[in-house]
Amino acid sequence: MELTKNEELLLLSILKLKDRAYGVTIRKNYKAVTGKALNYGSMYNTLYLLVRRGLAVAKESEPESRKGGRRKILYSITSDGKKALLEAQKIHRSAWDGISDLAIEEKK
Amino acid sequence: MNRIETKPPFIAKWILKNLTIYEEIFSITHDIDEEYEEILTKSGRLKSWLWYWFQTLKSTIYYINLTFFWSFAMFKNYLKLSYRSLQKNKLFSIITLIGFSAAIGAAISIFVIEDLVFDFNKCHKNADKIYLVTTVLNRDGDDEKWSDSPIPLGPALKADFPQVKYMTRIADISGVMKYGDEILREKFRFVDKEFLDMFTFPLKTGTKQALSDKKSIILYEDIAIKYFGNEDPIGKQVTITFSNGNTSDFTVGAVAEKFPVNAGFGFGILIPYENLVDAGTKDIKSWKNLTRAVFVQIDNPDEIKNIESRIPAYLEIQNRANPDWRTKNFIFTPLLNLTFNREIRNSITGGWGTASMIVFGSIGLFLLLLACFNYMNIAISTAFRRLKEIGIRKVLGSERKDIIMQFLYENIFLCFLALIIGTILAQLLYLPVFCKFLEIKDIESIFIAGDLWIFLPVLLFLISICAGAYPAFYISSFQPVNILRGKYKIGGRKLFTRISIIFQFIFTFILITLSVVVARNAEYQKTIDWGYDQEQIITVPVNNSKYFSTFREEIKNNPDIISIAGTEDHIGRTFEIEIIEYEGKKHEVMKFEVGSNYLEIMKIRLISGELFNPQLREKSGRSVIINQEFLRYMNWENTTYKYIEINNEDYRVAGVVEDFHYQYFFEKIRPVILRLTTEDNYKYLITKVKAGRVNSTSEFLKKTWKKLIVNEPYGGFFQDDIFALNFKAEEDVSILFSFYALNALIISCLGLFGLASVNISKRKKEIGIRKVHGAGVFSLLKLVNKEFLVLIVISSVIATPVSYLLVKSALEAIHDYFIPITAVFFIFTFIVILVTSILSISSLLYKAANTNPVNTIRNE
């Protein structure tokens with residue numbers, strides 16, 4: 001199953017954040033990795049697609065213990081999602097294979 | 001830490017919650033709220049507030065984009081489904097498609113024509129600022145509006161009011177134009193030099209300044225080609241001879257391009273107004289003389305009131321100068337209002353009846369409704385075929401909304417196909433037929449109507465909804481449990497179907513009766529007695545009285561010519577409106593100035609008294625002859641010692657003749673007087689020709705004329721041809737109505753055919769079993785036809801009085817003399833409908849009855 005760049009990044013975020021993966025944290029992680037902010041609309045649409053394709057699942061969390069605590073939608077990766085990530089990694093590796101760092105470094 | 005307002009902007013929150021699906025699935029506001037609080041504590045209120053809004057808008061836009069994407073995907077899906085289901089029911093698809101296409105084609109053409117008529121005269125740049133000076137007369141207590149107004153009124157208005165920016169008078173006079181060998185009779189339109197400033201007809205070559213030069217003229221493209229062919233007409237000299245015999249040379253100053261289609265009036269040859277003096281109107285300063293129309297351009301509409309308040313001054317001058325034409329008022333009628341104005345007599349443009357536009361439009365609407373009913377009937381009756389499909393869809397999770405959408409899409413798809421076919425039909429078939437009937441010549445393409453691009457989508461939307469909504473809601477209402485249990489009876493909604501069939505046939509009935517009556521009436525018009533003997537009469541207009549005697553001398557020895565007469569006015573061509581006085585009261589009559597043996601040669605029938613005595617004029621008394629209508633109008637028993645006054649001279653009423661049609665039968669015969677005129681006033685030479693020698697004599701007359709009179713074209717015509725154009729128009733109308741009726745009949749029968757075929761396929765088994773038990777084809781025919789026949793009879797019973805009233809009022813509106821409407825028409829219509837419907841049903845049944853019952857009975 002092919003992944004777009006965004007999908008890949010979001011899935012990786014979910015994987016990295018483990019049981020702390022929800023809207024705010026995923027978005028922050030994305031920003032930390034890429035340096036670019038993702039707006040909520042496009043993030044949710046991508047998440048929605050991931051869920052629909054069975055690469056991730058969404059689950060409602062228990063309410064937080066503090067006052068006014070609320071339920072969060074937590075995301076976690078499925079085995080299909082993991083497979084897709086592995087595939088993406090493989091593609092990356094083979095695409096980058098044989099290209100040394102020197103080859104693309106700008107000459108100083 | 002200061003306590004700060006922590007609540008996020010509630011409008012933004014509301015948008016997020018309600019306008020997108022994000023809240024429902026992801027509880028987006030919670031996430032955003034959390035981050036918002038963080039930013040709030042970190043960077044303050046403004047920044048967090050901006051951030052919140054930014055996220056909201058961005059997400060919403062993103063959502064909208066995505067929705068479009070998905071609905072397009074769904075649309076593709078629906079399209080595929082529609083295509084499949086149409087293909088599955090080929091017969092019904094074709095039936096509904098034909099019905100829709102025919103109706104849409106008619107509707108589009110009607111729209112194009114009406115759109116054009118509504119836009120009449122809007123081609124002129126300042127059309128909304130131009131006004132026709134309308135004369136209001138009061139004779140016999142009723143106000144009459146006339147386009148004609150006194151010649152000096154225009155210039156007076158222009159001189160007295162600076163608000164009148166432009167002014168032009170218009171007068172029409174015929175004459176003969178000569179260039180090289182080309183000598184032809186033409187109509188000249190006399191206009192003031194500002195004519196082209198007001199009416200911005202596009203010029204092909206030359207400039208509008210041409211009208212400032214008294215001796216230059218402007219030609220219409222067609223006329224220019226007629227005289228000059230490929231030559232450049234600008235600067236060429238032509239010789240014009242007006243009907244009073246005056247001749248002078250003119251230079252062609254400009255050529256006008258083909259008029260815009262929505263030009264309400266045009267011209268052949270424009271000629272500066274001052275030439276009117278040469279053309280016969282001796283005094284153009286006299287308020288006694290009238291001109292066809294006066295137009296003014298007033299930029300500020302508020303000024304009209306100011307001008308109208310000073311009109312009485314002109315009225316006084318006018319009424320002193322012309323007491324016979326007692327004017328009550330001059331009013332300003334906007335040019336754009338003339339299109340639908342039938343009140344103004346002798347109007348130069350317009351005269352379209354609002355009523356006929358409504359009738360015309362509603363016929364189109366009814367055809368559309370017919371097609372919609374057709375679709376509804378068939379869709380509902382065939383719904384049983386799709387019960388399983390719907391049941392399974394619902395079980396699999398389709399919502400009712402989705403099924404409604406699917407059916408609507410199916411109908412939109414069908415309507416869209418019909419729209420394409422209908423547009424082609426409109427262009428190739430309907431528009432030419434309509435234009436021919438309505439005598440609009442220039443519409444070459446339906447796309448000249450600018451509003452068509454709005455009309456087409458609206459039409460598509462309306463008919464799709466109109467026809468599709470009810471079946472969609474009805475079909476989608478089936479409950480899957482009941483469907484699968486087999487609880488729904490196959491049959492559709494009987495009452496609804498029946499009512500719509502009745503409606504269809506009522507409308508068809510009305511149209512058929514109308515078309516039959518109109519067609520028969522067109523025939524009837526030809527048999528109306530003209531009141532004189534129109535056969536074997538050849539009339540040659542002479543215009544110049546000196547030609548009369550020359551020509552008569554030359555032809556009088558031809559043995560085929562029985563007799564010759566001369567006249568100034570001629571039946572079917574010209575007469576004058578005269579005011580006569582009898583016992584102090586004024587009356588309006590039609591006056592014919594005729595030659596001495598005119599009545600004899602035309603065989604106008606004398607009822608009492610005597611015809612003109614040639615010596616009478618020279619003898620003592622003056623006399624006139626009147627028609628029967630005059631007698632009726634005056635309530636006279638007889639004419640003994642009756643004297644009437646014309647221009648303060650007494651005339652004895654010498655005789656009474658039978659009424660004769662001096663105009664086409666649209667016009668009622670009004671009181672007529674015939675008065676003897678002298679030979680130097682003769683405008684027509686009338687010959688009575690031996691039967692069977694008419695054509696050869698006509699040739700002889702033409703040849704002789706060409707030999708004798710060089711400067712004047714030959715204009716001879718047969719008297720029995722004078723109404724040819726009217727007869728043709730009547731036939732065209734009847735063709736148009738037959739066309740409508742045929743359309744309606746086809747659509748209705750298609751509908752019936754569709755329903756019957758559903759009915760029969762439902763009763764296949766029954767028919768099979770009946771056959772096995774020995775039922776013949778005839779009894780089977782009766783079985784299936786009975787239901788429909790009852791419906792047709794019911795609709796005919798309802799339609800008969802309705803169409804009687806409609807047909808009668810339609811005929812009365814147009815004709816004063818028309819065919820009596822008898823029961824025959826309605827019986828004929830009934831039989832036509834009955835036979836066509838029985839045929840369309842029976843063809844189906846015949847097939848069903850002839851299939852081997854074994855096949856139908858054991859099909860499961």
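1. In chain B, pairs of aromatic rings join Phe195(B), Phe199(B), Phe201(B), Tyr220(B), Phe259(B), Phe265(B), Phe267(B) and Phe295(B) into a cluster. Rings of Phe, Tyr and Trp (its six-membered ring) are paired here if their centres lie within 6.5 Å, and a pair counts as stacked when the planes are under 30 degrees apart, as edge-to-face when they are over 60 degrees apart, and as tilted for the rest. Over all chains, the structure holds 44 aromatic pairs.

2. Before reading further, please note that this is a predicted model, in which local features need pLDDT of at least 70 and side-chain atom pairs count only at pLDDT 80 or more, while totals for chains, interfaces and linings use all residues. Residues are numbered from 1 along each chain as its sequence is written, chains are lettered from A and ligands numbered from 1 in the order in which they are written, and side-chain values use heavy atoms, with hydrogens and water left out.

3. One aromatic pair deserves a careful look. The ring centres of Phe111(B) and Phe455(B) are 3.9 Å apart and the planes stand at 5 degrees, so this pair is stacked. Phe111(B) belongs to helix H5 (residues 90-118) of chain B and Phe455(B) to helix H14 (residues 452-476) of chain B, so the pair ties together parts that are 344 residues apart in sequence; helices (H or I, at least four residues) and strands (E, at least two) are DSSP runs, numbered from the N terminus. Both Phe111(B) and Phe455(B) are buried, where buried means under 20% relative accessible area, exposed means over 50%, and partly exposed is in between (1.4 Å probe, protein chains only).

4. Charged side chains also meet rings in chain B. Arg573(B) lies over the face of Phe717(B), at 3.8 Å from the ring centre, and the charged end of Lys642(B) is placed over the ring of Trp636(B), 5.4 Å from its centre. The rule asks that NZ of Lys or CZ of Arg be within 6 Å of the ring centre and within 35 degrees of the ring normal.

5. Side chains of opposite charge can pair when their charged atoms come close. A salt bridge is taken as a side-chain nitrogen of Lys or Arg within 4 Å of a carboxyl oxygen of Asp or Glu, and the structure holds 41 of these salt bridges over all chains. In one of them, Lys591(B) and Glu576(B) meet at 3.5 Å, N to O. Lys591(B) lies in strand E18 (residues 585-594) of chain B and Glu576(B) in strand E17 (residues 576-582) of chain B, so the pair ties together parts that are 15 residues apart in sequence. Lys591(B) is buried, with a relative accessible area of 4%, whereas Glu576(B) is partly exposed at 28%. A network of salt bridges links Glu576(B), Glu578(B), Lys591(B), Glu593(B) and Arg675(B).

6. In chain A, Lys83(A) forms a salt bridge with Asp80(A), with the closest N and O atoms 3.9 Å apart. The two residues are 3 residues apart in helix H4 (residues 79-96) of chain A, and are thus separated by about one helical turn. Lys83(A) is exposed, at 55% relative accessible area, while Asp80(A) is partly exposed, at 37%.

7. How many residues does each chain bring to the contact between chain A and chain B? The contact takes 17 residues from chain A and 17 residues from chain B, contact meaning heavy atoms within 4.5 Å. The two chains bury about 1,700 Å² between them, 54% of it on carbon and sulfur atoms; buried area is the accessible area (1.4 Å probe) that two parts lose on being put together, summed over both. There are 2 salt bridges between chain A and chain B, including the one between Glu38(B) and Lys28(A), whose closest N and O atoms are 2.5 Å apart. On the side of chain A that touches chain B, helix H2 (23-34), helix H3 (40-52) and strand E2 (73-77) of chain A each supply at least two residues, and the largest share, 6 residues, comes from H3(A).

8. Finally, two residues in the loop between strand E21 (643-646) and strand E22 (649-657) of chain B may be checked, Asn647(B) and Asn648(B). Phi is positive in both, near 50 degrees for Asn647(B) and about 65 degrees for Asn648(B), although neither is a glycine. Asn647(B) is exposed at 55% relative accessibility, and Asn648(B) is exposed at 66%.
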